[in-house]
Amino acid sequence: LATDIDPENDKFWKHSASINFLLEKYEEAYIGFENAIKFGTTDLDVFLMFADLNVAYSHNYEKAISVLIEASELHVDHFEIQYRLSGLYFTLNNPNVAKFHLNNALLSNFEHYRLLEKFFPDFYTSELVQTLINKHKSLQ
């Protein structure tokens, strides 16, 4: 029964958020992701989806960055977190921090640099990104 569900169970909130996200019930998904993190999930997908939700549906880039920084404390130097942080900082017109995270991402996992093209196409085509990709490509 639903009354037997522990309201502080991070897995419950993760599943609730994921389902609501797929059903395009974004307010409910937001609450679910927020609670999953609050109650201790370490699942990287929860953090990534919550960051995506903040970007795509509420345009809250600062919150997305905060979520990804929290994820990076659990998943140190994970390449996908670094690629996303670089794109978000570029979006917020902070090229120095964007470059820092992009360098980390490229060093961590060069093969996935096209994540930038998927999530941040304007950033991907920028001279800064193309220069860094070519630099790291030559080191491969």
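In the predicted model, Phe120 touches Tyr83, Arg84, Gly87, Leu88, Thr91 and Leu115, residues up to four places away in sequence not being counted; contact denotes heavy atoms within 4.5 Å. Phe120 is placed in the loop between α7 (115–119) and α8 (121–124), where helices (H or I, at least four residues) and strands (E, at least two) are DSSP runs numbered from the N terminus. With a relative accessible area of 12%, Phe120 is buried; the classes are buried under 20% relative accessible area, exposed over 50% and partly exposed in between, for a 1.4 Å probe and protein chains only. Between Phe120 and Phe90 the C-alpha to C-alpha distance is 9.0 Å, at a separation of 30 residues in sequence.

Because the model is predicted, local features need pLDDT of at least 70 and side-chain atom pairs count only at pLDDT 80 or more, whereas totals for chains, interfaces and linings use all residues. Residues are numbered from 1 along each chain as its sequence is written, and side-chain values use heavy atoms, with hydrogens and water left out.

The protein chain contains nine helices and zero strands, and its elements run α-α-α-α-α-α-α-α-α from the N terminus on. The C-alpha trace spans about 60 × 25 × 20 Å along its principal axes. Of the 140 residues of the chain, 41% count as buried. Among contacts with a separation of 6 or more, 52% are accounted for by residues 24 or more positions apart.

Helix α1 (residues 10–22) and helix α2 (residues 26–38) cross at roughly 155°, and their axes come within 7 Å. Axes are lines fitted to C-alpha atoms, for helices over the stretch in contact, and angles run from 0 to 180 degrees between N-to-C directions. The two helices α1 and α2 are therefore roughly antiparallel to each other; angles under 35 degrees count as roughly parallel, over 145 as roughly antiparallel, 65 to 115 as roughly perpendicular and the rest as oblique. On the α1 side the contact is made by Asp10, Trp13, Lys14, Ala17, Ser18, Asn20 and Phe21, and on the α2 side by Tyr26, Glu28, Ala29, Ile31, Gly32, Phe33, Asn35 and Ala36. By class, eight nonpolar, four polar and three charged residues take part in the contact of α1 with α2; Ala, Val, Leu, Ile, Met, Phe, Trp, Tyr, Cys and Pro count as nonpolar, Asp, Glu, Lys and Arg as charged, and the others, Gly among them, as polar. In the loop between α1 and α2 lies Glu24, which has a positive phi of about 60° although it is not a glycine. At 57% relative accessibility, Glu24 counts as exposed.

Helices α3 and α4 pack with their axes 8 Å apart and at an angle of about 170°, which makes α3 roughly antiparallel to α4. Leu44, Phe47, Leu48, Phe50, Ala51, Asn54 and Val55 of α3 meet Tyr61, Lys63, Ala64, Val67, Leu68, Glu70, Ala71 and Leu74 of α4. This contact of α3 with α4 comprises 12 nonpolar, one polar and two charged residues. Asn54, in helix α3, is buried with a relative accessible area of 0%. Its neighbours within four places in sequence left aside, Asn54 is in contact with Tyr30, His59, Asn60, Lys63, Ala64 and Val67.

A search of the whole structure finds 10 aromatic pairs. Rings of Phe, Tyr and Trp (its six-membered ring) pair if their centres lie within 6.5 Å, and planes under 30 degrees apart count as stacked, over 60 as edge-to-face and the rest as tilted. Phe21 and Tyr26 form an edge-to-face pair, at 5.8 Å centre to centre and 70° between the planes. Phe21 counts as buried at 19% relative accessibility, whereas Tyr26 counts as partly exposed at 22%. The pair of Phe21 and Tyr57 is likewise edge-to-face, the ring centres lying 6.3 Å apart with the planes at 80°. This pair links distant parts of the chain, with Phe21 in helix α1 and Tyr57 in the loop between α3 (44–56) and α4 (61–74), 36 residues apart. Tyr57 is partly exposed, with a relative accessible area of 43%. One aromatic cluster is formed by Phe21, Tyr26, Tyr30, Phe33, Phe50 and Tyr57.
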